[in-house]
Every structure is written in C-alpha cells, then in structure tokens.
Amino acid sequence: MSMRQRLRVIVSRAWALFASRNADPEFEDELQTHLQMLTERFASQGMSAKDAASAARRQLGNTTLLQQRQREARTFLSLSNLWGDVRFGGRMLRRSPGSNAAVVVALALGIGMISAMFSFVNALLLRPPAGVDTPGTLFEIWQHNRASAGIESYFPFTYPDYRDYSNRSQAFSGLLAFDGDGAPAIWNRAGEGEVVQGQLVSGNFFSLLGVNAALGRILSDADDQQGNPQPVVVLSDSFWRHRMGADPHVVGKAMTLNGSSFRVVGVAAAGFEGLVVGNEPEFWVPLTMQEQFTRDRDRMTDRQAYWLLVVGRLRAGMHGAQARAEMHTLARQLEIEHPDSNKNIDAMVYPAALVPGPFRGYVGLFTGLLMAVFGLVLLIACTNAASLLLARATGRAREMAIRQALGAGRGRLILQLVVESLLLSSIAGAAGVALAWWETDMLLALKPASIPISLRVPLDWRVLLFTGAVSVLTGMVFGMIPALRSTRVDAAPVLKEETQTGSVRKSRLRSLLMIGEVATCTVLLAGAALCVRSLRNANSIDPGFDTHHIAVATLDPASLGYSDEKTEAFYRDLLEHVRMLPNVIAASYVDHLPLGTAREATSVRSHVGAKNPTMVDVFSVGPDYFATMGITLLRGRDFTRSELTKGPATVAIVNETLAQRMWPGRDPVGQRMAIGDQKIETEVIGVAKTGKYRTLGEEPLPVLYRGSMPPQRTLLVRSSGDARPLLDAVRREVQSVDPSMAATDLETIEQYMAFPLFPAHTIGLLLGVSGILAVVLTAIGLFGLIAYVVSQQTHEIGIRLALGARREDVLKLVLRQGLLITMIGLAIGLGAGLAATRLLAVLLYGIRPDDPVTFLGVSAGLTAVALLACYIPARRAIRIDPMSALRHE
Amino acid sequence: MGGGKSEVLQGTLDLMILKTLYALGPQHGFGIARRIEQLSQDVLQLNEGTVYTSLLRLQQQGWIASKWGQSENNRKARFYSITKSGLKQLELETENWERISGVIGRVLRLERQG
C-alpha cells in the first residue's frame with residue numbers, strides 16, 4: 001500500500017470514530033437482507049424452508065464473527081474495547097498499589113512543577129485582562145525607537161501623540177490611554193492621611209473596555225475635557241468594599257485626594273482589576289486631572305513626556321494585521337509632522353495581556369528556562385516509571401504469551417498496556433493540578449511585600465488543557481517502550497516456563513534507561529549548581545551600605561500641595577522626632593534609595609563649558625546620610641547642615657569611581673567640577689566608597705552626592721539593633737508631626753533588599769527543588785534496578801556462595817553493576833552538561849560555565865548517592881542463604 | 001492475524017469485486033456474491049460474508065462508494081459502486097495480475113530437463 005493509501009485508510013477510520021454511530025445496526029441489516037435473499041434463492045431451487053435457512057447461514061458464514069471483524073476494521077478501536085482496557089488496567093494497578101503510588105507521586109511532582117510554571121506563563125502572557133468585554137479585540141500599542149535596541153527602545157505615548165493616533169485611526173473603533181506608573185495619592189480621611197493607588201485614565205477608558213458601573217456611573221468623555229477637567233472619581237470594587245465598608249450611598253460623596261476635593265461618581269464592576277500586572281488601581285480619575293497627581297503643568301502638551309499606555313479596540317471586521325499596518329503609517333505621518341520629537345519613532349501593536357508586549361519575550365525566556373528544567377525532572381520521573389513497568393512486564397510475560405496464543409493481536413496488547421500507562425499518568429496529572437495550585441500559592445507568598453504586584457494565577461482551562469496534554473504525553477513516553485518490548489513475546493518458550501532469557505534482555509534495556517536517567521540528572525544538577533552558585537556570588541556582593549538595622553519610609557509632602565518652607569519644616573521636625581526614639585542612633589533622608597527602580601542622572605565636567613562630560617548617577621541626600629546608611633567616607637568630610645539647606649549646591653561628595661575617572665592620581669578633595677548645565681562650579685568635599693546603585697551585578701558606576709532635595713524623600717532611621725520595632729514608631733511620629741501626612745513603603749532595609757534579591761532567590765529556590773527532586777528520583781531508580789537485579793540473581797548468588805565465594809566478592813559483583821551504570825551515565829551527562837551549560841554563560845555571574853569545582857562536586861555527589869542507592873539492595877544479596885536460594889525453583 | 005495464504009485470497013477477492021462493479025455497475029453485496037459464484041463456476045468456495053470485509057476495505061481506500069437503495073424485490077439494501085480512483089486501481093491491479101499470472105504460468109509449464 002502506498003503512503004497515500006495508508007493515510008486514506010487512517011483518515012477514513014478516524015472519521016468513523018465520530019461519524020457512523022449507527023454503523024453496527026446498519027451492517028446487521030445488510031447481513032440480514034443478504035441472508036433473506038440467499039434463503040429465498042435456495043427455497044426457489046426447491047429446498048424446504050428449514051433447509052434453505054440453514055444452507056443460507058452456512059454459505060454466509062459466522063455472522064457474529066463477521067460483525068466483530070467489521071467493527072475492528074471500521075475504526076481504530078471500539079469504545080467498548082477501550083472501556084474494557086481501562087477497567088482491566090485499573091485492576092492491574094490496584095494489584096501493586098505501593099510501587100504505583102511511588103510512580104504516581106514522582107510523576108505528579110514533575111507534572112505539578114511544570115504546570116505551576118505554565119500557570120504563571122498563562123497568567124502573565126496568555127490570559128487577557130479580567131472583567132473586560134471581548135478581550136480578543138483589544139490591542140496594546142507601544143512606541144518603538146527604530147534607532148535603538150533592546151527593551152529601552154520601547155516606550156509609552158505622550159499625550160499629544162495619543163490624541164493624534166486616537167483621532168486618525170480607522171482600524172480601531174477607539175483608543176484609550178492610562179497612566180502606566182499609576183498615581184499614588186494621599187487620601188485624607190477625617191484628618192488622617194492614607195496612601196491609595198489611583199490611575200489617570202482617558203474618558204473613554206471604561207466604555208471602550210466594556211466595564212460597567214456597579215453603582216453610579218463610569219467616567220465619560222465629558223469628564224475628561226482639556227480646559228474643563230472634572231474632579232470626579234470612580235472607585236474599584238475592592239476599595240469600595242474593604243476601605244469604605246461597601247457604603248451604598250457613596251455616589252455623590254466628596255473625597256479628598258492630595259488635598260483637593262473629588263466627587264465619587266461610581267464604583268466599577270467587580271472583577272475588573274486594571275489592564276497591567278502590578279498596577280491594580282483603587283480609583284480612577286480623568287487624565288485631564290493629572291496636575292493634581294503629577295504636579296507637572298506641561299504634561300498634556302509636552303511631546304517628550306512619555307507616560308501613557310495606549311490600548312485600542314479593533315473595529316468590527318478589521319484584522320490585527322490591518323491595525324498594525326495603519327499604526328506604522330500613522331507613525332510615519334507624525335515623523336514628518338514633528339521631526340524633532342518623533343524621528344525614528346514607530347508604533348507596535350500587541351494583543352492585550354497583563355505583561356506589556358515588549359517585556360513578554362523576557363518573561364517568556366525566564367519561565368521557559370524554568371519549564372525546561374522541570375521538564376528534565378519529569379523526564380527522569382518518566383524513566384523511573386518506564387523502568388518499573390519493564391520490571392513488571394517480566395512478571396506478566398506469561399499473561400502476554402497466553403493472550404497472544406489465544407489470538408490477541410500485538411496492536412491490541414500494546415493498546416492495553418498503553419492504556420494502563422495513561423491511567424497512571426492521568427492520576428498523576430490530576431494530582432499534579434492540585435500540586436500546581438498549591439505551588440503557585442506558595443510561590444506567590446515568596447514575593448516580598450514591597451513589590452507592589454498582586455497577581456492572580458488562576459487554574460483556568462488553558463492550564464488544565466496544558467496539564468492534560470503533558471500527562472498524556474508523559475504516559476505515552478514512559479508507557480510506549482515497555483509496551484513495545486513486553487508484547488514482543490515468543491509464546492511457546494514462555495508457556496513452557498523457559499522465561500529467564502527474556503528477563504535478562506529486559507534488565508539490559510532497564511540499564512540503558514538508567515544510564516540515560518543518570519546522564520539527565522547530571523546535566524540538570526550541573527546546570528542548577530552553576531546557577532545557584534552564580535546567584536550566591538551575586539548575592540554576596542557588598543552593596544556598599546548596611547543591609548541591616550535601618551527602617552525606611554517614603555514621604556511626599558508635595559502631594560498635599562505644601563510649599564517649600566512647609567516641606568522643609570516638616571522634614572526638620574520629623575527628623576528631630578525620630579532621633580528621640582529609643583535605640584535610634586542616626587536618621588537622615590535621601591531622594592531615592594540605591595538598587596530601587598528610581599534613578600537620577602546628570603553629567604559632570606571638569607570645568608564650566610568643558611567637553612567630554614562624564615555621565616553620573618545622582619543621589620540627593622540629607623544630613624548624616626553616610627552615617628545612617630553605613631557608607632564609608634574614604635576621604636574628606638560629610639555635608640554640614642547649613643550646606644544642605646542653602647540654595648544651589650556648591651559642595652558635593654563623589655564616589656571613588658568618579659574621583660578616579662575625573663582626577664586620576666590626584667587628591668579629589670578640594671577639586672572643582674561643573675554639574676549638568678550649572679554655571680557655578682562645585683567643590684568636592686569628600687569621597688565615598690563605591691557601592692552598587694542600579695543592580696547588584698553592575699560594574700562600578702560613577703556617583704555624585706549633593707544636597708538639593710525634591711519634596712518626595714525616603715526617610716532612613718538607623719537602629720542600634722533590630723529595625724522592625726521602629727516601623728510602628730515611625731508611623732506614629734509621622735502622624736504626630738503632621739496628621740494629614742502618610743508614609744508609603746514603610747519597611748526594614750532587609751525587606752527593601754528582598755526586592756533586588758527576589759528574582760535570584762526565587763530562581764535559586766526552584767532550581768534547588770528541581771535538583772533535589774532529580775537526585776531523589778535517580779536514587780530511587782537505581783535502587784529499584786539493583787534490587788530487581790539481585791532478586792533475579794538470587795539463584796546465581798546462592799550457587800556462588802555455596803561454592804565458597806566470599807560475601808565481599810558478592811557485594812562487589814552487585815555494586816559493580818550499579819557503579820558501571822552510574823559511571824557511564826555520568827560520563828555522558830558531563831559531556832552533555834558541558835555543552836548545555838555553555839548556553840547559560842550569559843546568565844552566569846562570577847563563574848565559568850565549565851567551572852571544574854561544580855562539575856567535580858556534582859560527579860562526586862551523584863556517585864556517592866548512587867553508591868548508597870546500590871548498597872542497600874546489595875546488602876540483601878550478601879544475606880542470601882545459599883541453602884534456601886538453591887532450594888527455590 | 002492473517003497468514004500469507006489468506007493475503008493472496010483477500011487481494012484476489014478485492015480485484016474480483018472491483019471488476020464486478022466495473023462490469024455491472026452499482027450492486028449490493030448479495031448481487032456481487034452471485035456474480036462471483038456464477039463466474040467461478042463453483043471452483044471457488046466462498047464464505048459470502050467475507051465479501052463484506054472486502055467491501056469495507058475497498059471503501060476505506062476510497063476505491064468504491066456506497067449508498068442505501070431499493071433492491072429488485074423492494075428490499076432496503078446498500079449499493080456499492082466503483083469510484084474514479086477505483087477504476088485506476090482496477091487497471092493497475094489487472095495489469096499486475098496478468099503479469100504475475102503470466103510468469104507463474106510460464107514457470108508451471110517448464111518441462112523436466114535432464
């Protein structure tokens with residue numbers, strides 16, 4: 001039969017699975033008609049009715065058998081057969097519950113870990129925003145700088161750009177915009193300040209998304225008119241429930257946000273939590289009210305203030321490709337109209353999901369890597385399962401032989417064995433879903449409280465479908481080899497009980513599987529160990545400041561509209577108050593903490609008008625900053641109080657890196673420099689030790705400390721002991737200095753540091769778990785194999801012992817097999833590992849991908865575990881009593 | 001499972017059915033069995049039920065099609081007819097059969113030599 005014919009038959013059989021539900025009765029009719037015609041014919045030839053009927057039956061043949069054959073040939077399998085296989089498989093599984101439970105647990109761990117990873121992928125990348133009408137037609141639009149590369153080449157929209165795109169687009173029925181960073185505000189409630197998260201949104205935000213009001217109304221375009229902005233606010237359902245006690249009369253009430261009065265017009269429908277992960281607003285206000293939140297007067301007209309995320313609703317009948325093409329065209333139009341600001345700026349379109357389009361590749365890479373690691377763990381669990389099934393197949397060789405002798409086809413037997421494997425893997429899959437559910441909760445709990453992200457990771461149909469597919473695939477992977485092997489039985493010798501030869505072949509196949517398992521485990525361990533060591537290298541980096549004993553809190557008097565004098569007075573009073581607290585040895589403030597998300601930079605020249613400026617990161621600090629943070633001043637002195645409060649800075653402190661770059665080989669103290677475009681030169685009064693400012697892994701960065709402070713500052717309070725008890729005290733002091741003020745991000749420096757360390761900690765934890773799982777599973781696999789070999793060789797060992805072999809020799813004999821497998825597996829694994837870890841090179845910090853210590857350590861550790869796993873069953877071998885072993889059989 | 005002997009028989013039956021449908025047009029199973037019986041002049045002993053196994057196989061390969069209709073004496077019966085690709089297959093198989101039977105005939109006619 002040609003390939004095409006074969007395909008035809010397969011298609012036609014597959015079609016029969018669904019199509020001909022009444023094929024059986026039809027065929028029966030056909031046969032009955034045939035039988036009647038035959039009978040009539042015989043009767044017309046002169047036979048008696050009885051003779052004619054029996055002659056007809058004889059001539060047609062065994063109709064029951066015919067129907068059975070027809071049923072088998074018509075499609076792949078009949079459902080009645082499959083159900084029989086499932087029930088039979090269930091009975092077989094119940095026969096050895098212990099080992100099956102072990103297989104199921106191992107597989108469930110593997111499947112559960114992969115599913116947990118996938119549910120994160122799903123929640124972040126695949127699932128559209130919740131609570132929104134037909135999310136399939138929503139698309140994010142990002143601006144992209146063609147002249148730049150990497151993640152920095154993508155950026156949000158300016159307000160004028162948003163208006164232009166919004167007015168000109170035909171492919172989208174509308175474009176909405178919202179403030180990507182969110183607008184935190186102080187909510188003044190009965191004289192006390194409380195920080196709440198808001199979002200500035202365009203007037204069509206809710207109507208375009210199809211989000212309704214549960215109470216009152218949603219925002220409208222009329223609220224969001226430039227020149228006539230309305231101070232109205234829509235509350236989120238959870239804010240209204242948890243912070244306002246679900247007040248049914250909230251609509252129409254006034255609410256003081258950042259010192260201005262807003263009118264509550266509605267509560268958004270429950271289930272809508274915003275469009276971007278990590279940004280779940282508690283209230284929404286019109287974009288045109290932005291000045292109350294950003295204190296930026298020009299933002300609505302500035303063509304270089306990029307702050308708006310834009311989402312479009314596709315017009316009915318339009319396709320994503322058309323929208324894409326239109327956005328490119330509009331970008332080119334704007335490039336021509338505004339060459340200053342829009343040169344090289346393109347617009348990119350992505351389907352709406354919780355992670356912004358440009359970042360999806362990074363998140364995907366990160367989660368994909370972890371999924372690959374857990375895929376290896378699952379592969380190891382599969383190998384164990386296959387190995388166990390192979391061992392069991394030996395015991396079932398007789399069953400297979402009998403069934404073949406009775407006429408069962410090989411395909412039929414394979415099918416039945418695969419059904420048994422699928423039964424196992426489905427149970428494991430179900431357990432895996434439960435595990436995944438628990439694991440995602442656990443992983444979410446690991447997230448430091450300071451990361452303002454509340455993520456819902458639901459087990460929706462995508463996760464269930466994925467887990468189902470992984471389970472079936474798993475079942476096929478570990479079920480196929482044993483099924484193929486164990487149905488290749490030569491019935492005659494098996495039935496005559498000459499079974500030993502078959503089992504030796506099978507244990508050789510098991511050894512091969514085990515070698516593969518050890519190799520996989522080696523690759524995984526080497527990769528995991530390298531990553532964990534690299535993370536530990538990165539974590540042990542000295543950030544250059546004390547990471548203990550400090551409480552931090554962020555304050556922003558400007559959000560209440562305070563004047564500069566009032567702001568200074570507030571901070572002066574606050575510092576005085578907190579310095580009086582017990583155990584406090586120093587207190588200061590800074591405009592932003594190092595290793596956070598905020599950053600400020602400027603340029604430094606050796607004198608006014610000099611060429612080749614050096615770009616530096618700038619920190620604006622308060623008095624005693626260096627003492628409070630535990631940063632060492634290498635030379636010179638700290639700022640004095642008066643230097644910090646006087647107008648433009650005339651003195652500055654530099655870090656060592658900047659000093660070396662500006663004045664190599666000279667004493668930096670007393671040197672002069674020009675900061676930014678200032679016309680007055682600044683004098684260097686001190687040199688601080690270089691630390692880490694942006695990320696822990698960075699190269700030394702030049703940094704400048706100066707005194708001019710913006711109103712938003714981070715308060716630093718240093719304790720002589722644990723800083724935790726200080727948190728409540730600081731909160732009280734803020735309230736007592738100014739009742740309408742509220743501190744955000746009140747935490748200890750340890751909690752703060754959890755933020756830069758969070759990714760590393762999570763990956764380290766997951767890799768550690770995967771490594772432990774892999775080692776345990778491999779040990780169990782080795783143990784099982786050696787135990788099996790010993791049980792098969794009981795007779796042989798008995799003879800050896802009876803002939804005078806020493807127990808040590810027997811022990812060596814058994815151990816040698818295990819060690820041989822381990823060594824071959826290790827050799828293959830090390831080879832593959834060296835190749836595979838090269839791919840990790842870009843991710844590793846302070847360690848080479850072929851680090852000999854790591855590879856040696858992994859080899860030694862794995863060998864030790866393997867020896868132990870083999871030794872336990874081997875001891876059973878030397879305890880064999882020769883007499884009873886020989887009497888057996 | 002089928003041994004070598006029935007394989008040849010199966011193939012032959014398939015060919016005979018195709019030829020019958022080609023020669024006589026649409027037929028039901030009973031009619032096909034009669035035609036083969038008639039042509040084979042009782043040389044081939046046939047369990048008529050196997051015709052249906054053959055018909056299913058031919059159908060799955062797309063060489064014949066079937067539909068329900070009325071028989072001569074008003075019985076509901078399934079009528080089988082040859083398809084376009086069935087015609088092509090018949091031509092191919094006929095050629096094949098003639099070649100092989102020619103070879104076998106020549107071999108069987110060999111005289112004893114020496």
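Chain B of this predicted model is built from four helices and three strands. Going along the sequence, these elements come in the pattern α-β-α-α-β-β-α. Of the 114 residues in chain B, 27% are buried. If we look at contacts in chain B with a separation of 6 or more, 49% of them join residues 24 or more positions apart.

The three strands of chain B make an open sheet, ordered S1-S3-S2 and paired in the antiparallel sense. Strand S1 (27-28) and strand S2 (64-70) sit at the edges with a single partner strand each, so each of them has one side without a neighbour in the sheet. Between S1(B) and strand S3 (residues 76-82) of chain B, the antiparallel pairing runs over two bridges. Here B:His28 has B:Phe79 in S3(B) as its bridge partner.

Now for a residue of the helix at 4-24. B:Leu24 belongs to helix H1 (residues 4-24) of chain B. Is B:Leu24 buried or partly exposed? B:Leu24 has 13 C-beta neighbours inside 10 Å, which is why it counts as partly exposed; a buried residue would need 20 or more. For the model as a whole, ipTM comes out at 0.84 and pTM at 0.68.

Next comes the contact between the chains. Chain A brings 19 residues to the contact and chain B brings 18 residues. On the chain A side, helix H1 (3-18), helix H2 (23-44), helix H3 (49-60) and helix H4 (63-74) each put in at least two residues. H4(A) gives the most, with six residues. Sorted by class, the side of chain A that touches chain B holds five nonpolar, nine polar and five charged residues.

Within chain A, one helix pair can be described in some detail. Two packed helices are described by the angle between their axes and the distance between the axes. For helix H6 (residues 97-126) and helix H16 (residues 461-486) of chain A, the angle is about 145 degrees and the axes are 9 Å apart. H6(A) and H16(A) cross in the right-handed sense. On the H6(A) side, the residues that meet H16(A) include A:Leu107, A:Ile111, A:Ile114, A:Phe118 and A:Leu126. H16(A) answers with residues including A:Val463, A:Phe466 and A:Val470, and A:Arg462 takes part as well. By class, the residues of this helix contact divide into eight nonpolar, six polar and one charged.

Strand S12 (residues 283-286) of chain A is covered on both faces. A:Phe283 and A:Val285 point to one side, A:Trp284 and A:Pro286 to the other, and all are buried. S12(A) pairs with strand S5 (residues 192-201) of chain A in the parallel sense, over four bridges, and A:Gln199 stands opposite A:Trp284. S12(A) also pairs with strand S9 (residues 232-235) of chain A, in this case in the antiparallel sense over two bridges. In S12(A), the residue opposite A:Leu235 is A:Phe283.

How values were computed. Residues numbered from 1 in each chain as written. Chains lettered and ligands numbered in written order. Predicted model: local features only at pLDDT ≥ 70, side-chain atom pairs only at ≥ 80, totals over all residues. Contact = placed C-beta atoms within 7 Å. Nonpolar A, V, L, I, M, F, W, Y, C, P; charged D, E, K, R; others polar. Axes fitted to C-alpha atoms, helices over the stretch in contact; angles between N-to-C directions. Left-handed = near helix turned anticlockwise from the far one by under 90°. Buried ≥ 20, exposed ≤ 12 C-beta atoms within 10 Å, placed from the backbone. Pairing = 2+ DSSP bridges.
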